[in-house]
Amino acid sequence: MNNKVEQLINNIERSIIGKRPVIEKVVCAMLAGGHVLIEDVPGVGKTLLAETLAKSVSGSFGRIQFTPDLMPSDVIGYTVVDINTGKGSYKPGAAMCNFLLADEINRASPKVQSSLLEAMEEGQVTVDGKTRKIAPPFLVIATENPSGSAGTQLLPESQLDRFMVCVKMGYPTIREEMEILRKNENGRTSDAVQQVMTKEELEEAQRETAQIFMHERILEYLVQLAQATREHEMLELGMSPRGTVALAKMAKAGAYLAGREYVVPADVRGVFRETAQHRILLNTRARISKVKQKEVLQEILSAVESPSLKKR
């Protein structure tokens with residue numbers, strides 16, 4: 001693993017206790033150039049994880065609290081006209097930064113949620129017919145409370161598909177929660193976070209990740225997994241081609257973290273759930289039978305034969 005990436009993960013782990021697997025998935029998404037959705041109950045460290053990651057890497061940080069009264073212009077910016085000259089000037093929104101924390105994204109209206117689509121997919125915003133590029137690197141980390149929580153509404157499939165991964169924090173163990181209490185006695189743990197990586201180092205790591213080799217059999221394995229989600233009897237909606245591309249990029253990032261220059265099947269299996277779970281939709285039969293998404297995804301992983309890369 002790149003030394004700087006190892007330092008980054010260790011630095012985040014000082015604030016986020018006992019969640020290294022989650023941290024690694026988020027860092028993988030960043031290395032792969034994707035966006036992250038963190039879904040879980042309030043108070044388990046979703047916002048803290050996003051804030052700590054942004055503080056660990058140089059670059060501009062934007063944070064916006066998604067509320068029912070938020071407007072798209074708050075996210076992408078707006079034009080102000082000078083009454084004296086009649087000329088308009090652009091006032092940047094929260095999205096014009098390197099790291100954007102979209103806190104509780106599922107509390108805002110659909111029109112506000114959709115204002116992020118262009119930025120997440122193409123790295124740009126369009127205001128009054130004029131398109132403006134967002135300086136790379138650009139990473140959106142959105143947090144949301146579980147669907148059904150008070151004041152929330154479901155994100156549309158098109159919005160969910162823009163996120164490379166969806167991770168869940170989970171409750172800490174007793175030992176981990178005691179450690180959290182100790183570390184918070186003298187203030188917030190994120191206050192002591194140091195910057196350990198520059199933007200330039202991050203972009204270099206992203207380029208190295210993109211160069212990781214992926215064998216033809218691994219590509220076929222990815223497609224077979226995606227196809228299995230589309231044909232499963234318990235799923236109404238399977239992974240999109242964008243999801244297959246995201247899975248490939250995440251597998252490369254997993255190999256990069258493991259210190260390899262090539263992808264193995266274990267890299268794919270290690271990120272499959274986080275890449276697929278927000279892209280699939282259980283059908284009525286599954287909901288009546290109380291089948292869970294993770295059970296379906298595990299069944300697919302077991303059913304699709306893992307390729308062998310040994311020389312024949």
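Colleague: What order do the five strands of the open sheet have?
Modeller: This is a predicted model, where local features need pLDDT of at least 70 and side-chain atom pairs 80 or more, while totals for chains, interfaces and linings use all residues. Residues count from 1 along each chain as its sequence is written, and side-chain values use heavy atoms, without hydrogens or water. Read across, the order is β2-β5-β8-β1-β9.

Colleague: Which strands stand at the edges of that sheet?
Modeller: Look for strands with a single partner, because one side of each is then left without a neighbour in the sheet. That picks out β2 (61-65) and β9 (165-167).

Colleague: Over how many bridges do β1 and β9 pair?
Modeller: Strand β1 covers residues 36-39 and runs parallel to β9. Across this pair, Leu 37 sits opposite Cys 166 of β9. The number of bridges is three.

Colleague: Which strands does helix α2 touch, packing on the sheet?
Modeller: Helix α2 takes in residues 20-31, and its direction makes about 160 degrees with that of β9. Such angles run from 0 to 180 degrees between N-to-C directions of axes fitted to C-alpha atoms, for helices over the stretch in contact. With contact meaning heavy atoms within 4.5 Å, the strands touched are β1, β5 (99-103), β8 (139-144) and β9.

Colleague: How much space lies in the largest pocket?
Modeller: On a 1 Å grid over the protein atoms alone, a pocket is an open set of points with protein on both sides within 12 Å along at least five of seven lines; in a cavity a 1.4 Å probe fits but cannot get out, and lining residues have an atom within 4 Å of a point. Points join across faces, edges and corners, and the volume is the space filled by probe spheres set on them. For the largest pocket that gives about 680 Å³.

Colleague: Which residues lie nearest the centre of the largest pocket?
Modeller: The lining has 27 residues, and β1, α7 (157-160) and β11 (281-282) are the elements giving two or more of them. Nearest the centre are Leu 160, His 278, Ile 280, Leu 281 and Gln 293.

Colleague: And which residues are nearest the centre of the second largest pocket?
Modeller: This pocket has a volume of about 500 Å³. Helices α6 (117-122), α9 (199-210) and α11 (241-257) each supply at least two residues of its lining. Out of 26 lining residues, the ones nearest the centre are Gly 33, Gly 34, Met 120, Glu 121 and Lys 249.

Colleague: What classes of residue line the largest cavity?
Modeller: The cavity holds about 40 Å³, and its lining includes Ala 50, Phe 61, Leu 101 and Ile 141. Two or more lining residues come from each of α3 (46-56), β5 and β8. Counting Ala, Val, Leu, Ile, Met, Phe, Trp, Tyr, Cys and Pro as nonpolar, Asp, Glu, Lys and Arg as charged, and the others, Gly among them, as polar, the lining has no polar, no charged and nine nonpolar residues.

Colleague: How many polar residues line the second largest cavity?
Modeller: This cavity has a volume of about 30 Å³. Met 30, Phe 138 and Leu 202 are among its lining residues, and so are Gly 33, Gly 34 and Gln 206. Its lining has six nonpolar residues and no charged ones, and the polar count is three.

Note on methods
Pairing = 2+ DSSP bridges. Helix = DSSP H or I, 4+ residues; strand = E, 2+ residues; numbered from the N terminus.
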